[in-house]
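Colleague: I'd like to learn how to read the helices, strands and ligand surroundings of a model. Could you take me through one?

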Amino acid sequence: MEIYAHRGASANYPENTIAAFKEAARLPVFGVEFDVHMTADGELVVIHDESINRTSNGTGYVKDLSLADLKKYDFSSWFSPEFKGETIPTLTEVLDVFHSTEHKLNIELKSDIFPYEGMVEKVLDSIAERKLESRVIISSFDHSAIKTVKQLNPLIETAALFMEVLVHPLDYLNKIPADALHILFPAAIRPSMAEVINSGMPVRTFTVNDETYANVLKQAGIQSIFTDHPEKMNTFFSSFN
Ligand code: G3P
Ligand code: MG
């Protein structure tokens, strides 16, 4: 099973912070997933929500705040008093954490609510500057964004994100086109999805924090999971080898 640390090692560290990514980088897991938004001054930052309300001591939408404004806030103390002083990371800062590791890097573009004009081009520039083309997967619920990725650089692996069960998934995925399917558990194991698994296209499932469910996915032929508990899941699957 290929294990991706979801938002970094987010069960034990504040999600999408350098602390969570340093822990993921330390672990012998296959990859890491993180979410990207764009600031008012066009900088790429790593955060899950459109607003900073839930995961910081500030308020407002990322799209309305400059990077300098955003950097004033604490993105860790909401999680636990044990963590202090984590700021919102830029995409560059996160890529740098994994500079000398071999983790696969799943960059999720969160352009599904606000369009973030020019985001795809900026993400591709960051990847090219660091020569990370073969290590990244770009995914999004905004399938037009991954279509643009493929048009701009066909060498980059893309994945379409879904919450729902699809009736003819392979037709749709090939039409975008997408290289992989990233889908909510348990939609991944409904019978109509088997055509994707059987085709050999990578199917990665989120967010799987329970060993029993992870084993159900393995039995169904799914080879990758996103988990908030990368260390626990790594230990669990190591016992199969
Ligand atoms: O990329 C997999 C997963 O992260 C998608 O859902 O809401 O956790 O970003 P979400
Ligand atoms: Mg995500």
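This is a predicted model: local features need pLDDT of at least 70, side-chain atom pairs count only at pLDDT 80 or more; totals for chains, interfaces and linings use all residues.

Colleague: Which residues are exposed on the other side of α5?

Modeller: Ser144 and Gln151 are exposed there. Residues are numbered from 1 along each chain as its sequence is written, while chains are lettered from A and ligands numbered from 1 in the order in which they are written.

Colleague: And which residues of α5 are buried?

Modeller: Ala145, Ile146, Thr148 and Val149. Seen down the helix axis, they fall within an arc of 155 degrees, so they line one face of α5; the arc is that of the directions from the helix axis to the C-beta atoms. An α-helix has 3.6 residues a turn, so residues three or four places apart point the same way. The cover over the buried residues of α5 includes β4, α4, β5 and β6.

Colleague: How are helices and strands picked out?

Modeller: They are DSSP runs, numbered from the N terminus: helices are H or I, at least four residues, and strands are E, at least two.

Colleague: What about α4: which of its residues are buried?

Modeller: In α4 (residues 119-129), Met119, Val120, Val123 and Ile127 are buried. They cover an arc of only 100 degrees around the axis, which puts them on the same side of α4. Glu121, Asp125, Ala128 and Glu129 are exposed on the other side.

Colleague: Which way do β5 and β6 run, parallel or antiparallel?

Modeller: Two strands pair if DSSP finds at least two bridges between them. Here β5 (residues 136-140) and β6 run parallel, joined by 4 bridges, and Ile137 has Glu157 as its bridge partner in β6. On to β7 (residues 180-184): β6 pairs with this strand in the parallel sense, also over 4 bridges, and Ala159 stands opposite Ala180.

Colleague: Why is β6 described as largely enclosed?

Modeller: Because 5 of its 6 residues (157-162) are buried, β6 is largely enclosed by the rest of the structure.

Colleague: Finally, which residues are around ligand 1?

Modeller: A residue counts as near if its C-beta atom, placed from the backbone, lies within 6 Å of the molecule. Around ligand 1 these are His6, Glu33, Asp35, His48, Glu108, Ser139, Leu161, His182, Phe206 and Phe226.

How values were computed. A residue is buried if 20 or more other C-beta atoms lie within 10 Å of its own, exposed if 12 or fewer, and partly exposed in between; C-beta atoms are placed from the backbone. Two residues are in contact if their C-beta atoms, placed from the backbone, lie within 7 Å.
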